Amino acid sequence: MSFVFTPPSIVGLPIVGSDQQFPVRRVYCVGRNYAAHAREMGFDPDREPPFFFCKPNDDASVVPVAEGATAAIPYPPLTSNYHYEAELVVAIGKGGKDIPVDQAASHIHSYAVGLDMTRRDLQMKMREAGRPWEIGKAFDFSAPIAPLRTLADVGEINAGAITLEVDGQVRQNSDITHLIWSVNEVIANLSTLFALQPGDLIFTGTPEGVGAVKPGQTIKVSIERLPSLTVRID
């Protein structure tokens with residue numbers, strides 16, 4: 001088969017303790033999955049089915065960051081309110097649809113620390129107009145991700161501190177137990193909407209404390225048992 005131009009390359013994420021990489025297929029994100037964050041965004045949290053949006057899966061948006069490294073990401077255009085959102089990322093290793101909650105963990109390959117970088121002013125403008133969020137969420141360099149640790153290595157992650165610092169000052173500080181929908185529930189629900197496949201990533205939501213960053217500032221995200229993620233805004 002020939003193409004009119006060279007197809008984009010597949011993004012590969014490093015895996016702790018392995019020479020192999022995890023190939024990214026799709027990037028799903030869960031909206032407002034921590035109660036306190038939902039409140040700070042002006043919503044009352046509840047247990048209605050979660051909602052999802054997507055980010056691009058190409059190497060313009062997904063930014064693999066090596067363990068111990070600091071990745072430079074550019075301040076995006078057309079925003080004056082550029083926000084961080086610390087998130088636990090789940091990497092799917094076995095496909096399926098209509099996955100029962102009690103079987104969801106068997107579909108997990110690994111976990112990572114991620115950032116859902118957001119042009120908040122553009123997101124809010126679209127939200128108020130009842131339009132999709134893409135321009136606020138799905139832009140270049142919007143999904144930095146640290147190296148993965150496999151389920152076999154680290155076990156299921158259903159609890160553990162999640163913390164974000166900006167220039168050494170703590171801005172987000174919560175625990176994975178505060179998810180409205182647990183990791184396994186998110187997988188089960190998402191699989192009723194899409195047939196999940198190996199290579200899918202799921203950003204599981206951010207806790208309270210989101211805020212803006214400016215060029216020159218450094219963000220560090222930590223989740224217990226996982227390699228931390230550090231980026232500098234250029």
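Me: What makes the link between the side chains of Gln-217 and Asp-167 a polar contact?

Reply: The two side chains are joined at 3.4 Å. A polar contact is a pair of N or O atoms within 3.5 Å; within protein, one atom must be able to donate a hydrogen and the other to accept it, and residues adjacent in sequence count only if both atoms are side-chain atoms. The value of 3.4 Å is within 3.5 Å, so the name applies. The model is predicted: local features need pLDDT of at least 70 and side-chain atom pairs pLDDT 80 or more, while totals for chains, interfaces and linings use all residues. Residues are numbered from 1 along each chain as its sequence is written, and side-chain values use heavy atoms, leaving out hydrogens and water.

Me: Why does Gln-217 count as buried?

Reply: Its relative accessibility is 17%. Buried means under 20% relative accessible area, exposed over 50%, and partly exposed in between, with a 1.4 Å probe and protein chains only. Since 17% is under 20%, Gln-217 is buried. Gln-217 sits in the loop between β16 (211-212) and β17 (218-223); strands are DSSP runs of E with at least two residues, helices are runs of H or I with at least four, and both are numbered from the N terminus.

Me: Which residues does Gln-217 touch, not counting residues up to four places away in sequence?

Reply: They are Val-166, Asp-167, Ala-212, Val-231, Arg-232 and Ile-233, where contact means heavy atoms within 4.5 Å. A polar atom of the Gln-217 side chain also lies 2.8 Å from the backbone nitrogen of Lys-214.

Me: Is Asp-116 buried or exposed, and what is its relative accessible area?

Reply: Asp-116 has 1%, which is under the cut-off, and therefore counts as buried. Its place is in the loop between β9 and β10 (118-119). Among the residues it touches are Phe-53, His-83, Tyr-84 and Phe-203. The side chains of Asp-116 and Lys-137 make a polar contact at 2.8 Å.

Me: What is the order of the five strands in the open sheet?

Reply: The order is β6-β18-β17-β13-β14, with mixed pairing. β6 (71-73) and β14 (169-175) are the edges, because each has a single partner strand and one side of each lacks a neighbour in the sheet. From one strand to the next the twist averages 20°.

Me: In what sense do β6 and strand β18 (residues 229-233) pair, and over how many bridges?

Reply: They are parallel, over three bridges. Two strands pair if DSSP finds at least two bridges between them, so three bridges are enough. Ala-71 stands opposite Val-231 in β18.

Me: How does the radius of gyration of the protein chain stand against that of a compact globule with 234 residues?

Reply: The rule, 2.2 Å times the number of residues to the power 0.38, is compared with a radius taken over C-alpha atoms. For 234 residues a compact globule would be near 17 Å, and the chain has 17 Å, so the two agree. The C-alpha trace spans about 45 × 40 × 35 Å along its principal axes, and 49% of the residues count as buried.

Technical notes. Axes fitted to C-alpha atoms, helices over the stretch in contact; angles between N-to-C directions.
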